[in-house]
Amino acid sequence: MDALTKVPRRKIRESLSDKMLMSAIYAILIVVLIIVLYPLIYIASSSISSPTAVTSGKVWLWPVDISFKGFETILKTPLIMTGYGNSLFYMTAGTLISVVLTVMLAYPLSRRSFYGRGVIMMLVTFTMLFSGGLIPTYLVVKEAGLLDSRWALLIPNAVWVWQVIIARSFFHSTVPDELVEASSIDGCSDWRFLLSVVIPLSKPILAVLILMYAVGQWNAYFDALIYLKSDKLYPLQLVLRSIIIQNNSAGVMDPGIQVQRAQLAELLKYALIVVATLPVLLIYPFVQRYFVQGMLVGSVKG
């Protein structure tokens with residue numbers, strides 16, 4: 001009975017210096033939380049406040065004179081749903097293409113048996129420092145027949161070098177050479193090994209790649225501004241930009257209308273931020289666990 005008797009745990013007494021250190025850490029974390037959280041609350045509050053309250057500076061934390069005029073203006077724009085659909089397509093298709101190409105490039109570069117991987121990695125890394133420039137890239141896209149098509153936003157920037165480096169480091173540290181040798185002895189082909197072994201072991205890094213590529217595709221607007229002419233192909237970012245331009249007070253002579261448009265334009269900025277960031281905020285909680293794990297493993301080891 002004595003052996004089964006639970007021994008009460010003794011609580012370790014913290015010294016005064018430890019308590020002061022923990023208090024300082026909590027204070028710093030609280031300050032950081034306020035710094036990060038306040039802009040989000042301010043933007044959300046300003047987006048549902050009246051235009052007069054926003055431009056006069058009355059909104060500093062909570063909504064003032066609650067109004068949904070900004071969102072009403074956005075939803076009345078005919079191209080807003082088209083832009084949403086285009087952005088979802090670019091994000092989904094672009095992320096799929098980018099992740100597949102990144103894995104196909106990063107995994108062979110992580111294997112020591114791959115001949116010439118050092119030279120290829122040097123050439124890939126070289127593109128981070130030097131690029132062809134805007135005009136040569138535009139000419140390449142033009143000669144490829146991709147102008148004013150959806151492929152212009154999917155193919156030219158399909159692979160990001162930094163993501164290749166992270167994925168290569170992850171594969172190098174997670175998939176040992178012994179596992180590759182054992183699979184080859186059992187008669188497993190390279191494609192079968194990649195699909196049946198490597199991919200299931202790579203959920204953390206795949207989550208990182210999906211999130212990074214998805215956020216990049218969702219926020220991208222510069223390529224669309226250069227390569228697209230038809231507004232039916234515009235992503236959401238360009239549609240939102242056109243909404244701000246249309247509600248600008250430039251060229252209006254009536255002072256009253258100028259003030260109203262200036263107030264509405266200021267309100268639209270906050271409403272557009274909410275509209276543009278909502279999908280990313282909805283996706284991130286589902287991949288957060290894998291995202292943190294993949295970033296740590298992919299960037300520290302290898």
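Predicted model: local features only at pLDDT ≥ 70, side-chain atom pairs only at ≥ 80, totals over all residues.
Colleague: Why is Leu-40 called exposed?

Modeller: Leu-40 has a relative accessibility of 54%, and because exposed means over 50%, Leu-40 counts as exposed. This residue lies in helix α1, which covers residues 16-47.

Colleague: What makes the nonpolar surface patch that includes Leu-40?

Modeller: The patch is made by Ile-28, Val-31, Val-32, Leu-33, Ile-35, Val-36, Leu-37 and Leu-40, and comes to about 750 Å². Patch residues need over 30% relative accessible area, and Leu-40, at 54%, therefore passes that cut-off.

Colleague: Which residues touch the most other members of the largest nonpolar core?

Modeller: Among the 21 residues of that core, they are Val-103, Phe-171, Val-198 and Ile-205. Helices α4 (80-110), α8 (161-174), α10 (190-201) and α11 (203-219) each supply at least two residues, with the largest share, six residues, coming from α11. Apart from this core lies another, of 18 residues, including Ile-80, Tyr-84, Trp-218 and Ala-271.

Colleague: What does Val-198 touch, leaving aside residues up to four places away in sequence?

Modeller: Val-198 touches Tyr-107, Phe-171, Val-175 and Phe-193, and since contact means heavy atoms within 4.5 Å, each of these has heavy atoms within that distance of Val-198.

Colleague: How many helices and strands are there in the protein chain?

Modeller: The protein chain has 14 helices and zero strands. Of its 302 residues, 33% are buried, a word that here means under 20% relative accessible area, and of the contacts with a separation of 6 or more, 74% are between residues 24 or more positions apart.

Conventions:
Residues numbered from 1 in each chain as written. Heavy atoms only, no water. Patch = residues over 30% accessible without salt bridge, like charges linked within 9 Å, V, L, I, M, F, W, Y side chains within 5 Å. Areas by Shrake-Rupley, 256 points an atom, 1.4 Å probe, with all protein chains shown as cover. Salt bridge = Lys/Arg side-chain N within 4 Å of Asp/Glu carboxyl O. Helix = DSSP H or I, 4+ residues; strand = E, 2+ residues; numbered from the N terminus. Buried < 20%, exposed > 50% of the residue type's maximum accessible area, 1.4 Å probe, protein only. Core = buried A, V, L, I, M, F, W, Y, C linked by side-chain atoms within 4.5 Å.
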